[in-house]
Structure formats: structure tokens, C-alpha cells
Amino acid sequence: MGQFDSKPDAIFAEPLSKVSDFVFDQRVVEVFPDMINRSVPGYQSILQGIGQLTQRFAQADSVLYDLGCSLGAATLAMRQGAKDLAGVSIVAVDNSAAMVERCRLHLDGYRSEIPVHVECADIRAIEMANASVITMNFTLQFVPPEQRQDVLQRIYDALNPGGVLLLAEKFRSADPTMDAVLVDLHHEFKRANGYSELEISQKRAAIENVMRIDTLEAHHERLREIGFAHSQVWFQCYNFAALLAVK
Ligand SMILES: C[S@@+](CC[C@H](N)C(=O)[O-])C[C@H]1O[C@@H](n2cnc3c(N)ncnc32)[C@H](O)[C@@H]1O
Ligand SMILES: O=C(O)C(=O)C[C@]1(C(=O)O)C=C[C@H](O)C=C1
């Protein structure tokens with residue numbers, strides 16, 4: 001399933017004496033398409049929506065950004081969505097050298113008139129300007145919570161009037177009862193996709209410290225504070241949601 005070939009994800013299949021914090025290294029690169037398709041409910045639908053929303057909101061002679069691009073799945077969706085627009089270019093950014101290297105290979109495999117620049121950099125430090133669509137597809141959740149406002153403010157400042165942020169995130173519910181239901185449904189989804197209880201629990205421990213998730217209310221509130229005129233969830237499955245924020 002998905003655009004890219006992948007080895008099956010068995011990273012957490014064997015018992016580990018100590019579960020280290022999750023990192024996007026070469027081992028993860030090799031299995032990433034399989035991992036993300038089996039772990040993120042609605043991932044393919046979100047990619048499709050990114051293409052559709054890009055088609056709607058991308059502006060001629062502007063730049064599209066894919067922040068935390070991994071292997072370039074959202075970049076490809078954006079490039080497809082903007083294919084009839086003049087003067088568009090794409091900048092795809094990731095701070096994992098292994099991801100960036102494989103991303104370049106992937107993008108070379110598809111023909112397009114739209115130039116893509118893939119950059120190995122930290123999204124907290126990059127310069128952005130003249131943007132009409134900025135995508136963060138499951139990336140903001142890996143930025144330390146106290147730095148999220150700043151990253152989003154710089155995104156807002158880089159967007160042209162009418163430009164959009166496409167933000168997808170795993171989230172938590174503020175209501176513990178409801179949160180437990182959503183987490184359980186997600187774990188059922190993983191089990192249905194062939195992950196064992198051990199894989200689910202070891203992965204959970206690995207992402208615990210590096211992926212500190214917000215509530216949807218916190219996302220909307222922060223986007224409003226920054227100045228976004230509108231924000232709306234356009235896709236949700238269990239505790240995974242995609243938001244559209246318009247400047
Ligand atoms: C879950 S993956 C994103 C998936 C991808 N957007 C997609 O749609 O397939 C998160 C990515 O964000 C990158 N990342 C995390 N923090 C980052 C940062 N501060 N700067 C740049 N990239 C970052 C990771 O290296 C990883 O490749
Ligand atoms: O496996 C999980 O529970 C996840 O949260 C999935 C998730 C994500 O949401 O970004 C976490 C890490 C990445 O490898 C891919 C997917």
C-alpha cells in the first residue's frame with residue numbers, strides 16, 4: 001500500500017532490554033512506508049486531501065513547503081495538486097540525513113515540471129517566505145511543546161494572505177475517559193494491521209518522551225492566538241486529525 005516500496009516494519013518485534021527514544025534513522029527509513037501506513041489511521045486519505053487542498057489554495061508564483069518531509073509522500077501529493085499552476089516551487093525539509101537521502105531518490109523517480117528542493121535542516125531554523133501552502137504532516141508533534149508556538153508563528157509570517165497551513169497530528173483528548181477509548185481504538189487498528197502487543201507497547205514507550213501530543217483545543221487556540229483567521233479539522237480517525245488553517 002502507498003507510493004513507495006518498503007520492507008516490513010519489525011523494529012519493535014523482539015523484546016528489548018531497554019526501549020530507547022524513537023529516532024528517524026536508517027533502520028526506520030527502510031521500513032517507514034510500511035510503518036506509517038500500519039500506524040496512522042487514514043494516512044492515505046490525508047495524503048489525498050493534501051493534494052486536493054493544495055489544488056485549492058496554492059497560489060501562482062509562490063513556494064510550497066513540506067516540513068518534516070520524511071520520504072516525500074506529502075511533497076508528491078502537493079506537487080500533483082499544484083501541477084497546473086505557473087511559477088510554483090516546493091521546498092521539502094527534514095533534519096534526518098537518512099530520510100533526506102532516500103527522499104531525493106524517491107522524488108527523482110517521478111517526473112514533474114515543478115522543481116523540488118530537498119533540504120536537510122531543522123524546521124526551527126529555516127528561512128521561509130512567499131508561501132501559499134505549508135504542510136506539516138505529523139511533524140509538529142516531534143517539536144518540543146514549548147517551541148511549537150514559535151515554529152507556527154514563523155509559518156504564519158511566511159504565508160501570503162489567503163495562504164494555508166496543512167497540519168496533521170496525533171492528539172489526546174482532555175477527557176480521560178474519551179482519551180482511553182481513542183487510544184484503545186488506535187491500538188485495535190494496529191493489531192488489525194499485524195502488530196503484536198509487544199510491538200505496540202514498545203513503540204509506545206519509544207515515542208513517549210519524543211512525541212508529546214496536544215489536544216485539538218490547544219491546536220485551535222494556538223493557531224488563533226498566532227493570527228490564523230480560520231482553523232478546521234477536515235479529517236479525523238480515532239486520535240489522529242488533519243487541520244486546515246487559513247491566514
Ligand atoms: C512522522 S514523520 C513525517 C511523515 C511525512 N510528513 C509524511 O507525510 O510521510 C516526522 C518527520 O519529521 C522530521 N522532523 C522531526 N523534527 C524535525 C525538525 N525539528 N526539523 C526537521 N525535521 C524534523 C523527522 O525526521 C521525520 O522524518
Ligand atoms: O505508532 C504510533 O503510535 C504513532 O504515533 C505513529 C507515528 C506518528 O503519529 O507520527 C509515530 C512515529 C512515526 O514513525 C510514524 C507514525
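Reader: Where is N130 placed?

Author: This is a predicted model, in which local features need pLDDT of at least 70, side-chain atom pairs count only at pLDDT 80 or more, and totals for chains, interfaces and linings use all residues. Residues are numbered from 1 along each chain as its sequence is written, and chains are lettered from A and ligands numbered from 1 in the order in which they are written. Helices (H or I, at least four residues) and strands (E, at least two) are DSSP runs, numbered from the N terminus. By that count, N130 sits in the loop between β3 and β4.

Reader: Is N130 buried, partly exposed or exposed?

Author: A residue is buried if 20 or more other C-beta atoms lie within 10 Å of its own, exposed if 12 or fewer, and partly exposed in between, with C-beta atoms placed from the backbone. N130 has 13 other C-beta atoms within 10 Å, so N130 is partly exposed.

Reader: What is phi of N130?

Author: N130 is a residue other than glycine, yet its phi is positive. The value is near 50°.

Reader: Where is F138 found, and what is its phi?

Author: F138 lies in the loop between β4 and α5. It has 21 C-beta neighbours inside 10 Å, so it counts as buried. F138 is not a glycine, but its phi is positive, at about 65°.

Reader: Which residues of α5 are buried, and on how wide an arc?

Author: The buried residues of α5 are V151, L152, I155 and A158. The arc is taken from the directions between the helix axis and the C-beta atoms. Those residues lie on the same side of α5, because the arc they cover around the axis is only 120°.

Reader: Which residues are exposed on the other side of α5?

Author: An α-helix has 3.6 residues a turn, so residues three or four places apart point the same way. On the other side of α5, the exposed residues are E146 and D150.

Reader: What covers the buried residues of α5?

Author: Contact here means C-beta atoms, placed from the backbone, within 7 Å. The cover includes β4 (131-137), β5 (159-170) and α8 (216-226).

Reader: Which residues does I226 touch?

Author: I226 is in helix α8. It has 19 C-beta neighbours inside 10 Å, so it counts as partly exposed. Leaving out residues up to four places away in sequence, I226 touches L152, Q153 and Y156.

Reader: How far apart are the end C-alpha atoms of α4?

Author: The expected span of a helix is 1.5 Å times one less than its number of residues. Helix α4 (residues 97-108) has 12 residues, so it should span 16 Å. The model agrees, with end C-alpha atoms that are 17 Å apart.

Reader: What do the buried residues of α4 pack against?

Author: M99, V100, R102, C103 and H106 are the buried residues of α4. Their packing partners are α1 (26-39), β2 (89-94) and β3 (116-120).

Reader: Which residues does S70 touch?

Author: S70 lies in the loop between β1 and α3. It has 26 C-beta neighbours inside 10 Å, so it counts as buried. Leaving out residues up to four places away in sequence, S70 touches F32, D94, M99 and C103.

Reader: How many C-beta neighbours does C69 have inside 10 Å?

Author: C69 is in the loop between β1 (63-67) and α3 (73-81). Its contacts include A92, V93, D94 and C103. C69 counts as buried because its C-beta neighbours inside 10 Å number 31.

Reader: How far in space does the "binding site" annotation spread?

Author: The annotation comes from an unreviewed UniProt entry and includes C69, S70 and D94. UniProt positions use the numbering here, feature names are shortened, and annotations may be inferred rather than shown by experiment. The annotated residues spread over 162 residues of sequence and, between C-alpha atoms, up to 24.7 Å.

Reader: Which residues have the most contacts inside the largest nonpolar core?

Author: A nonpolar core is a set of buried Ala, Val, Leu, Ile, Met, Phe, Trp, Tyr and Cys residues joined through C-beta atoms within 7 Å. The largest one has 59 residues. Those with the most contacts inside it are L64, V133 and I134.

Notes. Two residues are in contact if their C-beta atoms, placed from the backbone, lie within 7 Å.
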